Structures are given as structure tokens and as C-alpha cells.
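This briefing sets out selected features of one protein chain, grouped by topic. The sequence and the model are shown first.

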Amino acid sequence: MSGGAGDVLVLSGRLVRIDTATCGSCAEEHLVVALDPAAALVTLAGQRHPLPLADFLSPAHRLNRGYLQRSLEHVETHHHDDLRRSVAHSTGTPPDDVIAVSLRDLDARGVTLRWVDPGGAHQVRLRFPRRATSTADLGRLLREGIGAPLG
């Protein structure tokens, strides 16, 4: 199936609390919610087709774009100094010379770390040793990846 201009996916249901996620490095926590789907319908080329609800029940969907974005925001808000120290330690750059640091493109397989120092702008893709399988697993792998030597 290819996505056309008028193609639409409609999911309906209710949001349910799945878990309370904690950081593992600080006291920050947030609710993890998921859609408990009641119906899934796709419209392709003007034709409506019901979809099996089982396709939308996988725990893998918990590592969705919204959750991943919220995770990046948490690290940058609550652990920015940890990121700077990690970059400084791994690169041999004095901490005060790490001008800026950020994370981008977080997914179940890794994250991109970007930083600026007197030598210019740099980036490296931190690849996890395996694919994250849950929100807790993602947190562990992210903490380990940030703490590991760069390169």
C-alpha cells in the first residue's frame, strides 16, 4: 500500500495508564499512557478498510515518536551537565570548552550526540549494543551510551 494524498488512518479508543516511568538517575517521573484501541480504519483511494486491532497492541509502540521526544527533552533539561561532562571526558576537552551539547534522533537503536567546542561542531551516532525493547530498557541503554567513550 502506498500513501496517497487522501489516504487516512483513524484509530479510536481510550488512553490508559500503562506505567509510571522513572529516570534511574534523578527523581523525575512521568506517566506512560497508551491507546487501548476500539477500532482501526484506513481509507485508501476512497475505500474504507477495517484493520485488525492486534496490529496496534504491540508494546513496541510504546517507543513512539512522542515518548522518544519527551525522553530527549528530559535528558537535555535534567542531565545537560552530565552530557557536557561525558563529552569533555571522552574527547579530552576541558569541560569549560564544551560550549554546547545536545541529543537528536533518538530511536530504539541509538541517539545522535552533538557538541560544539573550540575546534568546531561535532556529532557522533551512539549506537546501542542492541535494540531497546521497552521504555525502561531504552533508559538504561541511553544512560550507558551517554556514559561510554565517544568514537
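Predicted model: local features only at pLDDT ≥ 70, side-chain atom pairs only at ≥ 80, totals over all residues.

The points below begin with the chain and proceed to a helix pair and to individual residues.

**Overall architecture**

- The secondary structure of the protein chain consists of three helices and six strands.
- In sequence order, these elements give the pattern β-β-β-α-α-β-β-β-α.
- The radius of gyration of the protein chain is 19 Å, well over the 15 Å that the globule rule gives for 151 residues, so the chain is more spread out than a compact globule.
- Along the principal axes, the C-alpha atoms of the protein chain fill a box of roughly 60 × 35 × 25 Å.
- Of the 151 residues in the protein chain, 32% are buried.
- When contacts between residues at least 6 apart in sequence are considered, 41% of them join residues at least 24 apart.

**Packing of helices H1 and H3**

- Helix H1 spans residues 65-78 and helix H3 spans residues 135-147; their axes come within 12 Å and cross at roughly 40°.
- The crossing of H1 and H3 is right-handed.
- On the H1 side, the contact is made by Tyr67, Leu68, Ser71 and Val75, and on the H3 side by Thr135, Leu138, Leu142 and Ile146.
- The residues of this contact between H1 and H3 comprise six nonpolar, two polar and no charged.
- Thr135, one of the H3 residues in the contact, has a relative accessibility of 16% and therefore counts as buried.
- Not counting residues up to four places away in sequence, Thr135 touches Arg62, Leu63 and Tyr67.

**Residues of helix H2**

- Arg84 is located in helix H2, which covers residues 80-91.
- With a relative accessibility of 24%, Arg84 counts as partly exposed.
- Arg84 and Ala39 are separated by 45 residues in sequence, and their C-alpha atoms are 46 Å apart in space.
- Asp81 also lies in helix H2, and at 48% relative accessibility this residue counts as partly exposed.
- Between Asp81 and Asp19, 62 residues apart in sequence, the C-alpha to C-alpha distance is 28 Å.

**Residues of strand E4**

- Strand E4 comprises residues 100-107 and includes Asp105.
- Asp105 has a positive phi of about 55° although it is not a glycine.
- The relative accessibility of Asp105 is 48%, so the residue counts as partly exposed.
- Arg104 is placed in strand E4 as well, and a relative accessible area of 34% makes it partly exposed.
- Arg104 is in contact with Leu72, Glu76, Val111, Thr112, Arg114 and Arg125, leaving aside neighbours within four places in sequence.
- Among these partners, Leu72 and Glu76 fall within the residue range 65-78 of helix H1.
- The C-alpha atoms of Arg104 and Arg114 are separated by 7.7 Å, and the two residues are ten apart along the chain.

**Loop residues**

- Ala45 is situated in the loop between strand E2 (29-44) and strand E3 (47-50).
- Although it is not a glycine, Ala45 has a positive phi of about 50°.
- Ala45 counts as exposed, with a relative accessibility of 74%.
- Pro118 occupies the loop between strand E5 (110-117) and strand E6 (120-127).
- The relative accessibility of Pro118 is 61%, and the residue therefore counts as exposed.
- Leaving aside neighbours within four places in sequence, Pro118 is in contact with Asp97 and Ile99.
- Pro118 and Leu51 are 67 residues apart in sequence, with 54 Å between their C-alpha atoms.

Conventions:
Residues numbered from 1 in each chain as written. Heavy atoms only, no water. Axes fitted to C-alpha atoms, helices over the stretch in contact; angles between N-to-C directions. Helix = DSSP H or I, 4+ residues; strand = E, 2+ residues; numbered from the N terminus. Left-handed = near helix turned anticlockwise from the far one by under 90°. Contact = heavy atoms within 4.5 Å. Nonpolar A, V, L, I, M, F, W, Y, C, P; charged D, E, K, R; others polar. Rg over C-alpha atoms; globule rule 2.2 N^0.38 Å. Buried < 20%, exposed > 50% of the residue type's maximum accessible area, 1.4 Å probe, protein only.
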